[in-house]
Amino acid sequence: MTSSFSTGFSRRGAALLAVLLAALVAAPWMVNDYLLTVLVLILYFAYTGQAWNVMMGFAGQLSLGHALYVGLSSYVAAMMFTRLGVGPWLGLLAAIPLAAACGAIIGYLAFRFRVAGVYFAILTIAFAEFARIGFDNWGFVNASSGLFLPVKQYAHNDLWQLRGSPTMFYYVILAATVLVFVLCHFLIHRRIGYFWLAIREDEEAARAAGIDTFRYKMYAVMVSAAVTSFAGVFYAFFYNNLFPEQVFSISRSIEIILGPIIGGIGTLFGPILGAFVLTGLAETLNAVMSAFGVELPGARQVFYGVCLLLVVVALPDGVWPPLARRLGVAERKR
Amino acid sequence: MPFDVYLNVAVGGVLTGLVYGLMALGLSVIFGVVRVVNFAHGEMMTVAMFIAVVLFSWFHLDPLIMLLPIAAVLFVFGYALQASLINPFITRPEHSQFLLLVALAIIIANALLIMFGPDARSVQTAYAYDSFQLGRLIVDAAKLYAGVAAVVFTAALFALFRFTLIGKAIRACADNYTGALVVGLDVRRLYALTFGLGAACVGAAGVMLVLLMDPTPMLGPGYTLLAFVIVITGGLGSMPGALVGGVLIGVTEALAGLLFTPSVKSMFAFAILVLVLLFRPQGILGRRLA
């Protein structure tokens, strides 16, 4: 095998990564505003998918409530911005520990009492739903009437306040996606990553081998939640409006996890590829529908559902593993 | 507020809870035997609800009369679904099953949206505003009929599992998959039957809920979640547990809606879920996990 020892990627894999990154960096010069917004959405889901993958793909803990971390962080940053005039990066500093603490609480409650598998998944949904209804009735955060960030025309991009053009947001989320990719690559090739994989494959065996499974599962939840919190801050400042019904909704959580499952769970490339496939599919369906003048609410989602069904029936491991084998850049089996 | 009001609301909650219990029973039966979590459970219920709405508005067929026929339609739907799509997935990991059923849920909900539009449909039966008075207790007729029908349907299902050979065979599959294969049971067919029975439960529950509320195509996820909460509260794999959980959640929601605002009522259901998961993870009537 020609894998270079230091990075863990084969030469071909590294080349592929470089080409992809170059294309993404150059993209704003090549696409129109609409496509750029689609790319922002794709990278957003690549980012959140990667964050979720730490918990499920690496440590084997199925979370169906990641909207909780996105929602909490977006509200923290938005509240600090609108009420106190504190910028998003300081808001992020407050959001990260809060999300991690929430993850820790859920993890502590669940793992202490050996709540696992489907039960754990339902517990994560329960907390997200709890937050949704709570925020929906909490006057301090404007309850169900929503929270709005002031939108003005900005003469120049203000990175510090995260106010500016779509191109600026694009580069911010691109940088974040690259960073989280590097972080995941780093983690999975360290002791902690191997421990996670051991827990995912067989928790009893991992415990028998002397791994403190409780502690490492807690790390997985906290890392995943902390990483996800940036997505929440980004969401608040990109869309400028927050409704509990939307940010905490269960369908948000499902959107986050579809990408990595379609792309290939437990792989580093899966979440990225999955985001491209799913968002690309949704937008293509949109374009085709409007080209044919079909104005049928729900028709697009039916096609979307059928495509999901076909992928999951035909490719049990997701799109990336078979594709990687064909390209000759397969990551080592994990 | 006088005590009577609480009592009336609580009794209404018990009756609604019995219908919830039947819905959750469907999920519990499917998970207990096939080991697949039916994430399209709520969507299957909305299918039954809309069949009931269509039959009522076109042919004036009362939902209570159509209860068994619609449950039968859902049975066939569930049987076919398990035999064709889901069966290859029973050995796949949870997240893979989850994706399959979420895809199904998306298709069902949006197909209903295309056919019926986003607005709520209602069924105005002759007895919609009737009520019975027992001393100081006033009970809605529709709720009473729905609750009684739920109990009868559940009792029939209990009898099926307890006293028939098919029921015995299904229980054998649930207890020991390999053992069932060894003694020559047609596990594939029994799984399809079980899924069909689960679908029939949720279908019957949906028909009764039409009497209590107006269905919209996007109702599904909320009820899927509610069914989970009830099943876990009552005890996964315990059939009486589903009913007990349903009643507990039904009463809690009704009283929370009365004491606070109706919009926070499901928060209390989730609070109960969290408490149960923490202090009695096997559920109220569930057997202790191995």
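Predicted model: local features only at pLDDT ≥ 70, side-chain atom pairs only at ≥ 80, totals over all residues.
Helix α12 of chain A, residues 270-291, has 22 residues and should span 32 Å at 1.5 Å a residue; its end C-alpha atoms lie 31 Å apart, which agrees. The buried residues of α12(A) are A:Gly270, A:Pro271, A:Ile272, A:Leu273, A:Gly274, A:Ala275, A:Phe276, A:Val277, A:Leu278 and A:Thr279. Among the elements that cover these buried residues are α2 (33-58), α11 (250-263) and α14 (320-327) of chain A. Just after α12(A), A:Gly293 adopts a positive phi of about 65°.

**The two chains**

The secondary structure of chain A comprises 14 helices and 2 strands, while chain B has 11 helices and 2 strands. Along the sequence, the elements of chain B follow the pattern α-α-α-α-β-β-α-α-α-α-α-α-α. The table sets out overall values for each chain.

| Chain | Residues | Radius of gyration | Span of C-alpha trace along principal axes | Buried residues |
| Chain A | 334 residues | 20 Å | about 55 × 45 × 40 Å | 46% |
| Chain B | 290 residues | 19 Å | about 60 × 45 × 35 Å | 52% |

For chain A, a compact globule of 334 residues would have a radius of gyration near 20 Å, and the value of 20 Å agrees with this. For chain B, the expectation for a compact globule of 290 residues is near 19 Å, and the chain has 19 Å, which also agrees. In chain A, residues 24 or more positions apart account for 74% of the contacts with a separation of 6 or more. In chain B, 78% of the contacts between residues at least 6 apart in sequence join residues at least 24 apart.

A:Ala78 lies in helix α3 of chain A, residues 67-84. With 26 other C-beta atoms within 10 Å, A:Ala78 is buried, since the cut-off for burial is 20 or more. Not counting residues up to four places away in sequence, A:Ala78 touches A:Leu147, A:Leu149, A:Ala236 and A:Leu242.

**The nonpolar core**

The largest nonpolar core has 205 residues. The residues with the most contacts inside this core are A:Ile173, B:Met23, B:Cys201, B:Ala205 and B:Met208. Helix α8 of chain B, residues 187-212, contributes the largest share of the core, 18 residues. Leaving aside neighbours within four places in sequence, B:Cys201 is in contact with B:Leu22, B:Met23, B:Leu25, B:Gly26, B:Val29 and B:Leu157.

**The contact between the chains**

The contact takes 35 residues from chain A and 31 residues from chain B. On the side of chain B that touches chain A, the elements giving two or more residues are α4 (94-116), α9 (220-234) and α11 (265-279) of chain B. The most comes from α4(B), with 14 residues. By class, this side of chain B has 24 nonpolar, 5 polar and 2 charged residues.

**The strand pair of chain B**

Strand β1 of chain B (residues 131-134) runs antiparallel to strand β2 of chain B (residues 137-140), and 4 bridges join the two. Within this pairing, B:Phe132 stands opposite B:Val139 in β2(B). The two strands form a hairpin with 2 residues between them, and B:Gly135 in the turn has a positive phi of about 65°.

Most residues other than glycine have a negative phi. Against that background, two loop residues of chain B deserve mention. B:Arg35, which is not a glycine, has a positive phi of about 65°. B:Arg35 is located in the loop between α1 (3-34) and α2 (41-59) of chain B. It counts as partly exposed because it has 16 C-beta neighbours inside 10 Å.

B:His60 likewise has a positive phi, near 55°, in a residue other than glycine. The position of B:His60 is the loop between α2 and α3 (67-86) of chain B. With 8 other C-beta atoms within 10 Å, B:His60 is exposed, as 12 or fewer such atoms define that class.

Note on methods: Residues numbered from 1 in each chain as written. Chains lettered and ligands numbered in written order. Expected span 1.5 Å × (residues − 1). Contact = placed C-beta atoms within 7 Å. Nonpolar A, V, L, I, M, F, W, Y, C, P; charged D, E, K, R; others polar. Pairing = 2+ DSSP bridges. Rg over C-alpha atoms; globule rule 2.2 N^0.38 Å. Core = buried A, V, L, I, M, F, W, Y, C linked by C-beta atoms within 7 Å.
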